[in-house]
Amino acid sequence: MTNPLGVSPMTPWWRDAVVYQIYPRSFADSNGDGVGDLAGVTAKLDYLADLGVDALWLSPIFTSPMRDFGYDVADYCGIDPVFGTDADFDDLITGVHRRGMRLLLDWVPNHSSSDHPWFVESRSSRDNPKRDWYVWRDRRSDGSPPTNWMSLFKGVPAWTHDDATDQSYLHVFLAEQPDLNWANPDVEAALNDSLRYWLDRGVDGFRADVVNLIGKGTDVDDLPDHLVTMPLLATDRPFGHELLRRIRTLLDSYEHQPMMVGEVYLLQAGQSASYLGDIDGGAPELHLSFDFRPLHTPWEADRMQGALVEMEADFAEPGWPTFVLSNHDRVRHRTRYGTEARARAAAVLALTIRGTPFLYAGEELGLEDGVVPPERVVDPDGRDGCRAPIPWTADGDDETGHGWPERPWLPFPSNATTHAAEVQVGDPASMHSLYRALLALRHQHAVLRHGSIEFAPLDDGDGADDDDADGDVIRFERRLADERVVVIVNLSDAAAPWPTDLADAAVLLSTARDRRASGAALAPDEAVILNL
Ligand code: NOJ
């Protein structure tokens with residue numbers, strides 16, 4: 001697991017970066033319509049620069065009827081009015097770059113909105129020139145859908161029949177999100193042109209939505225029974241890799257090193273990493289490929305270490321892993337793990353592991369999911385809780401205030417009052433201060449960014465080869481030249497002995513609020529970073 005290459009003078013920026021995901025609707029509202037917007041993000045850039053993140057990823061901001069809150073795009077080169085204007089975008093990107101940060105946009109290539117003019121044309125007649133831009137099929141002779149694929153939302157078939165032309169179109173997500181047909185070279189050209197459009201406007205890269213799905217082309221035969229409800233997992237095809245190699249060539253033709261991180265929703269060992277292309281000696285594809293194993297792993301040392309070790313093996317050099325604990329699709333890890341102590345220890349893992357960490361806005365505040373009453377549920381897949389608006393100020397209740405000029409589109413997180421940004425910034429004991437300290441450490445210590453990583457076998461952390469190991473302490477070492485940093489995370493509700501071999505190590509950081517030095521037992525769910 002050692003990286004024999006050390007630090008290359010050519011290290012691409014995204015290996016050094018910590019990326020911060022913003023869900024724009026929920027971040028900050030500048031005009032009082034209850035929905036966050038681009039000017040709202042611009043107004044918070046000093047907050048983000050002070051936190052110490054290097055790049056911002058905005059969830060979709062393009063023109064959309066918002067059936068899936070922007071993951072249903074009606075114009076790949078337009079900004080939805082709810083988020084602002086072209087001028088607001090220019091102000092934002094200028095402000096981001098002026099502060100030394102980078103900006104990534106969310107690109108949704110697998111499907112458009114059914115309101116996109118391409119689809120409106122496509123469905124207008126069987127001989128429309130854009131008919132083949134989407135995946136149209138005849139029903140089976142018994143009237144059932146063309147294949148057995150089920151949509152990932154709402155438990156309905158992934159095909160909707162269009163009476164006007166008597167054919168069905170494919171939609172892996174909502175019926176309002178028809179899948180584009182990437183086997184048609186005109187589709188590839190149009191989508192890749194949209195990348196050029198934003199690159200020419202200065203963006204530093206993209207997060208590509210469910211990008212493994214574009215490789216299915218028209219290859220949509222029946223799935224085996226156990227995969228019927230998971231077409232996303234069944235579309236790992238060579239064609240997708242071919243498309244990504246061409247996208248990579250496009251990106252690499254820009255001097256400012258734009259980066260693409262793919263949402264590759266494939267959970268088998270090695271599948272996500274294979275989308276880097278060059279990891280198997282092939283031509284490069286994605287720069288980074290999400291691997292969501294840790295996101296799906298409970299706060300248990302053996303399972304977490306198992307996920308981390310597998311990922312490390314999958315993404316060994318020349319690969320490079322990512323690390324994600326929360327995003328706009330899953331219950332926040334503060335809520336999943338249940339306690340603030342665990343969320344603090346998880347932050348240490350996220351920011352000291354080898355790879356590029358992706359933080360989800362609000363995790364630096366230790367926000368919990370919002371509690372969304374049934375009448376306020378708006379997401380077709382019930383993901384509203386993790387999209388609760390960011391509370392900037394303490395004043396307010398579940399529905400209003402907290403620095404939002406008007407009642408926002410969703411209720412606030414359940415701990416909004418105690419965990420608002422203004423309460424935490426500057427309080428040395430806060431979650432915000434922990435993230436800020438961790439981000440500063442990462443910047444100061446190249447070993448945390450580029451060092452090799454080696455996991456110790458799971459034991460109780462006392463460093464002794466004895467029988468008392470309870471297996472709840474993860475310990476790994478990062479090394480770069482003669483710098484050595486050890487990270488220890490106690491994933492247990494009980495205290496654990498201090499490792500005997502680390503009695504004199506200097507404590508760089510601890511999540512326990514009262515730790516001053518090495519030696520005393522590790523508190524329950526304490527994480528420490530030590531300098532050897
Ligand atoms: C994955 C995105 O993260 C999710 O929010 C969205 O609903 C689907 N892709 C469909 O675009």
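**Figure 1. The loop that holds V210.** V210 is found in the loop between strand 9 (205-208) and helix 7; helices (H or I, at least four residues) and strands (E, at least two) are DSSP runs, numbered from the N terminus. Although V210 is not a glycine, its phi is positive, at about 25°. The model is a predicted one, in which local features need pLDDT of at least 70, side-chain atom pairs count only at pLDDT 80 or more, and totals for chains, interfaces and linings use all residues. Residues are numbered from 1 along each chain as its sequence is written, and side-chain values use heavy atoms, with hydrogens and water left out.

Figure 2. The bond that runs from E317 to P318 is cis, with omega near 10°. P318 has its place in the loop between helix 8 (301-314) and strand 12 (322-324).

**Figure 3. The shell around the ligand.** The ligand is surrounded by 13 residues, the closest being D68, H111, D209, H328 and D329 (a residue is near a molecule if one of its heavy atoms lies within 4 Å of it). This shell divides into four nonpolar, two polar and seven charged residues. Here Ala, Val, Leu, Ile, Met, Phe, Trp, Tyr, Cys and Pro count as nonpolar, Asp, Glu, Lys and Arg as charged, and the others, Gly among them, as polar.

Figure 4. An N or O atom in the side chain of D329 is 2.5 Å from an oxygen atom of the ligand. For H111, a polar side-chain atom lies 2.9 Å from a ligand oxygen atom, and for R207 the separation between a side-chain N or O atom and an oxygen atom of the ligand is 3.0 Å. A polar contact is a pair of N or O atoms within 3.5 Å. The protein buries 98% of the 290 Å² that the ligand exposes when taken alone (accessible areas come from the Shrake-Rupley method with a 1.4 Å probe).

**Figure 5. Packing of helix 6 with helix 7.** The axes of helix 6 (residues 185-200) and helix 7 (residues 238-252) come within 11 Å and cross at roughly 30°. Helix 6 is therefore roughly parallel to helix 7, a term for angles under 35 degrees. Axes are lines fitted to C-alpha atoms, for helices over the stretch in contact, and angles run from 0 to 180 degrees between N-to-C directions. The crossing of helix 6 and helix 7 is right-handed, meaning that the near helix is turned clockwise from the far one by less than a right angle.

**Figure 6. Packing of helix 10 with helix 13.** Between helix 10 (residues 340-352) and helix 13 (residues 431-444), the axes come within 10 Å and cross at roughly 15°. Helix 10 is therefore roughly parallel to helix 13. The crossing of helix 10 and helix 13 is right-handed.

Conventions
Polar contact = N/O pair within 3.5 Å; in protein donor to acceptor, adjacent residues only side chain to side chain. Parallel < 35°, antiparallel > 145°, perpendicular 65-115°, else oblique.
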